[in-house]
Amino acid sequence: MLKPATTDIEALKLLDERLRWLSAWTIHHANHIRDSDDGLKVGGHQASCASMTAIMAALYFHALGENDRVAVKPHGGPILHAIHYLLGSQSREALENFRGFGGAQSYPSRTKDKIPVDFSTGSVGLGVAITLFASLVQDYLTAHGWLEDKDRGRFVALIGDAELDEGNIYEAIIEGAKHDVRNLWWIIDYNRQSLDATSADRMFERFDEIFRSCGWRVVELRYGQRLQKALGENAWLKSWFEQLSNAELSALHYQGGAAWRKRIEGELGKKAAAFLEAHDDEALAKLLTDLGGHCMGTLVRAFDDADDDVPTLFIAWTIKGFGLPFAGHKDNHAGLMNPTQLAALRDAMGVREGHEWEPLEGVGDNARTGVDALLDRTRVAREKRARAFGSVAITPIPAPADDEQSTQAAFGRILLDLSKAGGDLADRIVTTSPDVTVSTNLGAWVNQRGLFRRTDMPDIFAQSKIVSAQKWSGGNKGQHIELGIAESNLFLMLAAAGLSGDLFGTRLFPIGTLYDPFIARGLDSLNYACYQDARFLLVATPSGITLGPEGGAHQSINPPLIALGQPGLRHYEPAYADELAAMIEEAFRLIDHPAGESTYLRLSTRNIRQVERADDSWREDALAGGYWLREPVPGSEAAIVAMGAVMPEALAAWEELRGDVPGLGLLAVTSPDLLHRGWTAAQAARWQGQRKPSHVEQLLSRLSRTAGLVTLADAAPASLSWLGGVLGQRVAPLGVEKFGQTGNLADLYAAYRLDGAAITKAVAEVLLQNG
Ligand SMILES: Cc1ncc(C[n+]2csc(CCOP(=O)(O)OP(=O)(O)O)c2C)c(N)n1
Ligand SMILES: [Mg+2]
């Protein structure tokens with residue numbers, strides 16, 4: 001990697017200043033200059049940016065190699081835009097429209113921003129942790145021969161210190177330690193301020209201990225070179241300085257030179273006289289704010305020294321709002337400079353009025369060459385890469401043939417068959433699970449394909465000839481990444497593996513399994529994965545009260561509602577194995593298609609008798625969200641509408657009632673999510689003059705407009721009850737609204753009104769209402 005010569009430190013300092021100016025100006029422009037007709041505050045975080053412009057200048061214009069990938073602290077987004085503006089890859093128009101419709105995003109976004117964003121950020125803590133999983137994916141690809149050494153890089157997270165309160169970070173470093181993670185730099189912008197105020201004292205020591213115990217190198221950048229020297233020469237000053245609390249330090253940074261003088265004089269008296277004499281107020285303030293994270297020499301040296309693959313935590317001390325009038329003020333998180341303050345900053349930075357957007361305004365002719373050289377070098381390294389799609393042939397997935405089976409068992413069987421058949425698709429599948437590999441039926445696949453470990457891991461039980469159904473050995477060709485229980489890590493792993501095409505140019509087909517109720521544990525990480533358009537297959541099993549004896553906390557109720565409201569994730573809930581096979585095939589296609597998405601399969605351990613199919617006509621409709629398992633007579637006055645594992649109850653009730661209710665239909669819903677999306681999309685299209693009815697409208701229009709629907713799901717009844725709104729048909733929704741409990745299926749279905757008796761009563765009710 002090209003290293004700048006010593007004199008380039010000066011060029012880096014100029015770039016630091018440019019970033020401080022442009023980020024502050026972009027936010028100012030959006031709030032004070034751009035027209036606003038709705039009166040809403042636009043916002044932006046000038047103080048959070050000023051805190052780490054030096055860190056980002058040192059990183060982007062000096063330390064980063066072309067394969068390195070960065071997650072930028074959410075509130076540092078404007079700095080990333082400013083960097084790309086200097087490189088010529090961000091437009092002035094987008095910056096002028098910062099936080100506006102279609103403009104540069106408030107927080108870096110992979111999918112919405114036009115500049116290259118390696119990882120989206122916003123929900124604090126998640127951008128940090130995904131870098132660790134991306135590094136594991138890089139190791140996985142290298143071990144499998146999909147990534148050459150020359151294309152490997154380092155993963156960098158730029159972190160606000162308050163982010164370190166997020167537990168998901170510690171879950172991630174524990175997982176990282178187990179997998180011997182490497183090539184990571186996590187850089188804390190340690191300004192000791194969060195959103196509300198200054199943060200708890202002396203946490204840097206705790207972070208240091210925690211990270212070291214997980215195998216990290218910790219580099220503390222507390223002082224800049226000048227302050228380091230001054231404190232070295234004046235031990236009394238150092239010990240005084242270091243006992244200041246976070247709040248005291250921030251308050252003094254805010255108050256400035258005179259306040260420092262008064263305080264030092266008052267507390268240290270004669271000892272400090274000569275030192276104070278030698279510094280006027282301005283010099284004093286300048287010296288005592290020379291913290292490590294603002295000192296280019298300190299940063300460059302620290303980054304240069306960490307030139308190996310040991311995961312490294314940099315604790316870079318900074319001042320929130322450095323160089324701005326509210327530097328250090330505890331309330332500065334969302335603080336905005338007023339026009340007078342902005343004008344003073346502009347003058348101080350040598351920016352002429354009317355030239356605020358000039359990229360290198362204020363950089364003198366002599367300094368240009370050095371600055372241009374750094375920009376040229378960085379430009380090459382930061383180019384946006386095209387997303388890699390459409391590289392894998394998706395082979396048909398046959399359904400397991402058993403007369404009776406559960407969707408969970410069928411899932412295990414399908415993966416086993418895929419593994420045995422082999423081929424490109426099977427080789428690209430990577431499975432992962434938070435300690436529920438065996439209980440979600442991934443065991444047979446793992447026996448075939450092995451655990452992934454960078455170094456060989458023998459199966460001690462097998463070697464000791466202890467009988468076990470499960471082979472548990474690992475090696476660098478293994479295709480299952482076993483995780484600890486922390487579900488958030490599962491979703492971050494899926495997010496990273498689901499971006500492998502984007503980050504590394506090689507598409508993987510990641511499949512993650514967990515118990516359906518525990519989706520909630522990792523929900524924000526799942527949302528984060530979807531927000532970045534990572535592509536994966538999530539298999540959640542078992543689900544619902546159908547789980548029976550396991551009891552309430554394990555019986556999921558609301559995940560279908562979560563899925564109904566989750567963009568980027570398609571929910572399928574099969575009743576039968578052939579539906580499941582079709583859905584898995586579709587999920588693979590969606591992983592490798594530019595306009596695809598991720599898929600969530602909600603499965604069950606209930607063994608059910610499979611249905612006879614006359615032909616394949618059900619398939620297309622099933623993939624679109626639902627099909628008539630028992631056709632209604634056109635204009636029929638009633639239908640049973642059921643989803644997933646309760647299909648046998650629906651079928652039995654249909655058999656029983658069809659004599660009394662002529663023309664009764666049975667609609668199998670395979671995806672309330674898709675039906676709902678199709679419905680709203682068709683409405684939107686109608687406003688634009690297109691008249692094609694949606695799938696759900698077509699299905700339901702087979703019935704009379706006054707028909708009654710009895711909906712049945714082992715989930716919150718609202719998953720299906722909305723179907724009544726499509727054509728205005730009456731609905732009796734059956735489903736689970738109270739926490740589950742232990743019991744056998746007959747008892748539970750009766751208690752929760754999912755049985756034949758409940759269906760019969762509900763059908764009678766909707767018919768009576770019609771009369
Ligand atoms: C999960 C989550 N919770 C809350 C917030 C709101 N929030 C945004 S920034 C922030 C604190 C920022 O402090 P720090 O990480 O130290 O960043 P700084 O601005 O000081 O650099 C909070 C609470 C968020 N973005 N994400
Ligand atoms: Mg902070």
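Ala, Val, Leu, Ile, Met, Phe, Trp, Tyr, Cys and Pro count as nonpolar, Asp, Glu, Lys and Arg as charged, and the others, Gly among them, as polar. With that division, the shell around ligand 1 holds three nonpolar, nine polar and six charged residues. The model on screen is predicted.

**Stop 1: ligand 1**

Select ligand 1 and display the 18 residues around it; those that come nearest are Ser 48, Lys 73, His 75, Asp 161 and Lys 320. Next, look at the polar contacts of the ligand's oxygen atoms. Start with Lys 73, where a polar side-chain atom is 2.7 Å from an oxygen atom of ligand 1. At Ala 162 the backbone takes part instead of the side chain: one of its N or O atoms lies 2.9 Å from an oxygen atom of ligand 1. Then pick Asn 191, whose side chain places an N or O atom 3.1 Å from an oxygen atom of the ligand. On its own, ligand 1 has 590 Å² of accessible area, and the protein covers 75% of that.

**Stop 2: Arg 192**

Move on to Arg 192, in the loop between β3 (184–190) and α8 (203–213). Check its backbone: phi is positive, about 60°, although the residue is not a glycine. Is Arg 192 buried or exposed? Its relative accessibility is 1%, so Arg 192 counts as buried.

**Stop 3: Asp 435**

Asp 435 has a relative accessible area of 45% and is partly exposed.

**Stop 4: Thr 541 and Pro 542**

Show the backbone from Thr 541 to Pro 542: the peptide bond there is cis, with omega near 0°. Pro 542 belongs to the loop between β12 (537–540) and α25 (559–564).

**Stop 5: aromatic pairs**

Now display the Phe, Tyr and Trp rings. The whole structure contains 23 aromatic pairs. One of them joins Tyr 140 and Phe 452, edge-to-face, with 5.0 Å from centre to centre and 65° between the planes. Which elements does this pair link? Tyr 140 is in helix α6 (residues 126–143) and Phe 452 in strand β8 (residues 451–452), distant parts of the chain that are 312 residues apart. Tyr 140 and Phe 452 are both buried.

Go next to Trp 236 and Phe 275. Their ring centres are 5.8 Å apart and their planes meet at 80°; planes over 60 degrees apart count as edge-to-face, so this pair is edge-to-face. Helix α10 (residues 235–242) contains Trp 236 and helix α13 (residues 273–278) contains Phe 275, so the pair ties together parts 39 residues apart in sequence. Trp 236 has a relative accessible area of 17% and is buried. Phe 275, at 9% relative accessibility, also counts as buried.

**Stop 6: arginines over rings**

Finish with two arginines. Select Arg 99 together with Tyr 107: the arginine lies over the face of the ring, 5.6 Å from the ring centre. Then select Arg 630 and Trp 654, where the charged end of the arginine sits over the tryptophan ring at 5.5 Å from its centre.

Definitions and conventions. Residues numbered from 1 in each chain as written. Chains lettered and ligands numbered in written order. Predicted model: local features only at pLDDT ≥ 70, side-chain atom pairs only at ≥ 80, totals over all residues. Heavy atoms only, no water. Near = heavy atom within 4 Å. Polar contact = N/O pair within 3.5 Å; in protein donor to acceptor, adjacent residues only side chain to side chain. Areas by Shrake-Rupley, 256 points an atom, 1.4 Å probe, with all protein chains shown as cover. Phe/Tyr/Trp six-rings, centres within 6.5 Å; stacked < 30°, edge-to-face > 60°. Helix = DSSP H or I, 4+ residues; strand = E, 2+ residues; numbered from the N terminus. Buried < 20%, exposed > 50% of the residue type's maximum accessible area, 1.4 Å probe, protein only. Lys NZ or Arg CZ within 6 Å of the ring centre and 35° of its normal.
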